[in-house]
Amino acid sequence: MPRPTSHVWTPLLVCALLRVALGSIARSGGLWGDEAAYLRHAIAYAETGLYVGHWPPLYVWFLGTCVRLFGDHGEGVARLLQVGMAVWTCGWVGWMAGRAFGRRAGLCASWMFALYLPLAALGHRLLSETLYLALLVPAVALLVEVFAGRVWMAWAAPAGVLFGLALLTRDVGLPTLGALVVAIPIALRPRGADALRRAGLVAAAFALWAAAVVTPWSVERGRLRPDEGPSGGTAVANLRQGLTPGHDSFELRRLGPRANGPPDGLRMRLLEVPDSDAVRRARGGNLADVLALVRDEPTYVARVRVVRWADLVSPLSPALTGWYSRIYARDGVPDTLRWLLIALAVACPVGLATAATVAILRVRAPRALLVPSLAVFAVTVATGLLVAQSRFRAPALPFAIVLVSGLAAARAPAPQGRAPWAIAFGASLVGGWAVAFRPLEAALLESW
């Protein structure tokens with residue numbers, strides 16, 4: 001991590017303390033959803049040294065190593081190490097913003113990342129997002145430095161290594177790798193043979209080093225599970241689940257039928273499943289039949305994508321699910337503090353999204369930063385339109401924070417021609433929040 005200057009130490013400390021504080025109010029053994037499965041795989045890995053499960057291996061290896069070295073305390077050690085990963089990521093976020101917009105923006109970005117409650121809630125959960133961000137953010141930051149011409153293009157190699165490790169953590173990194181490789185010539189804008197050669201070398205170094213990291217696991221996985229992706233099976237599973245009729249967000253299952261509102265409400269009308277042979281075939285879960293549904297029932301598939309967008313941008317977040325899923329213990333937490341944390345859990349995503357709309361109008365981001373950030377955003381949206389949970393937007397959040405921090409340094413005249421983009425983005429947010437209102441209402445009632 002770049003060496004932080006004195007003005008950055010305070011948000012880094014707050015970043016750590018907030019995550020430790022949230023972890024301290026979590027119930028002992030309060031695992032939810034994928035956490036229990038990750039821990040189960042980690043214990044098996046600690047005992048046997050083998051892992052051939054559904055997910056990419058790096059987070060399971062990390063968690064299993066903690067269990068192997070520290071026994072019953074391994075889970076707690078892993079959570080503390082994840083706090084360190086969050087601080088590491090916070091440092092990179094502030095550094096990237098500082099390089100793009102100046103020291104004031106860097107400090108602003110560090111504080112936003114440190115205090116952004118949904119990310120803080122992920123910091124103590126046994127989920128792979130924290131490790132993924134600790135690898136993805138510095139990888140992209142190094143690429144930005146190469147694009148800006150501030151470092152030698154050979155730095156694309158360590159960026160590729162970091163990204164390869166990110167790909168071994170979450171296989172959503174696979175389409176992100178493709179998007180970043182495409183972004184390289186766009187960011188560099190090669191003109192002439194020498195510039196084109198430089199862009200090609202940067203793209204090749206980044207992609208080949210990432211491939212070198214992930215290939216040994218891919219070969220072994222291909223031998224044992226040839227029907228799944230090169231780093232894990234979640235990409236194929238998400239494609240199948242996201243298009244299967246009737247599939248809903250796991251995040252909402254705890255809330256029951258009320259999460260989708262009344263039968264005649266907006267959300268339920270969008271989710272209404274047509275009665276057709278194509279739907280009945282797709283319910284069987286066969287990938288070919290599920291993909292055929294896009295051709296046979298395009299209106300239904302489009303309606304469900306509206307709901308997925310709503311779930312992706314919803315104010316619902318891991319900080320809120322922690323309360324209604326009883327991850328956080330209510331005993332010993334004053335009601336006033338609990339209500340404040342719940343309110344902040346909703347205010348953080350709403351505030352960041354609103355600030356992002358303003359940033360579209362006001363911030364002149366360097367092309368070297370904007371292009372790779374947009375690549376990450378595009379992949380986050382594309383995957384979120386299949387299976388949307390609030391934690392799936394985590395890869396985009398550090399880059400959104402960096403771009404929004406540019407408002408702290410936006411003294412130049414506003415860029416021209418941005419208003420239609422800002423209006424379209426703002427309208428899509430408001431529409432998404434309208435569709436996501438019933439789940440949010442149910443979550444708040446259950447949390448309170």
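What percentage of the 448 residues in the protein chain do buried residues make up? Buried residues, defined by under 20% relative accessible area with a 1.4 Å probe and protein chains only, exposed ones being over 50% and partly exposed ones in between, account for 53% of the chain. The structure is a predicted model, in which local features need pLDDT of at least 70 and side-chain atom pairs count only at pLDDT 80 or more, whereas totals for chains, interfaces and linings use all residues. Residues are numbered from 1 along each chain as its sequence is written, and side-chain values use heavy atoms, with hydrogens and water left out.

**View 1. The protein chain holds 21 helices and 0 strands.** Helices (H or I, at least four residues) and strands (E, at least two) are DSSP runs, numbered from the N terminus. A compact globule of 448 residues would have a radius of gyration near 22 Å, and the chain agrees with its 22 Å; the radius is taken over C-alpha atoms, and the globule rule is 2.2 Å times the number of residues to the power 0.38. Along the principal axes, the C-alpha atoms fill a box of roughly 60 × 55 × 55 Å. Of the contacts (heavy atoms within 4.5 Å) between residues at least 6 apart in sequence, 78% join residues at least 24 apart.

**View 2. The largest nonpolar core has 123 residues.** Such a core is a set of buried Ala, Val, Leu, Ile, Met, Phe, Trp, Tyr and Cys residues joined through side-chain atoms within 4.5 Å. Helix 7 (residues 129–148) gives the most to this core, with 15 residues. Among the residues with the most contacts inside the core are Leu 63, Met 96, Phe 147 and Leu 320. Beyond its neighbours within four places in sequence, Phe 147 is in contact with Ile 184, Ala 187, Leu 188, Val 202, Ala 368 and Pro 372. A second, separate core of 18 residues includes Val 279, Val 290, Ala 310 and Val 435.

**View 3. Helix 7 is largely enclosed by the rest of the structure, because 19 of its 20 residues are buried.** At 1.5 Å a residue, helix 7 should span 28 Å, and its end C-alpha atoms are 28 Å apart, which agrees; the expected span is 1.5 Å times one less than the number of residues. Just after helix 7, Gly 149 takes a positive phi of about 75°.

**View 4. Glu 35 and Arg 125 form a salt bridge, their closest N and O atoms being 3.0 Å apart.** A salt bridge is a side-chain nitrogen of Lys or Arg within 4 Å of a carboxyl oxygen of Asp or Glu. Glu 35 lies in helix 2 (residues 34–48) and Arg 125 in the loop between helix 6 (117–123) and helix 7, so the pair ties together parts that are 90 residues apart in sequence. Both Glu 35 and Arg 125 are buried.

**View 5. Arg 280 meets Asp 275 in a salt bridge at 2.4 Å, N to O.** Arg 280 counts as partly exposed at 46% relative accessibility, whereas Asp 275, at 70%, counts as exposed. Another salt bridge links Arg 280 to Asp 277 at 2.7 Å, N to O. Asp 277 and Arg 280 are separated by about one helical turn because they are 3 residues apart in helix 13 (residues 277–282).
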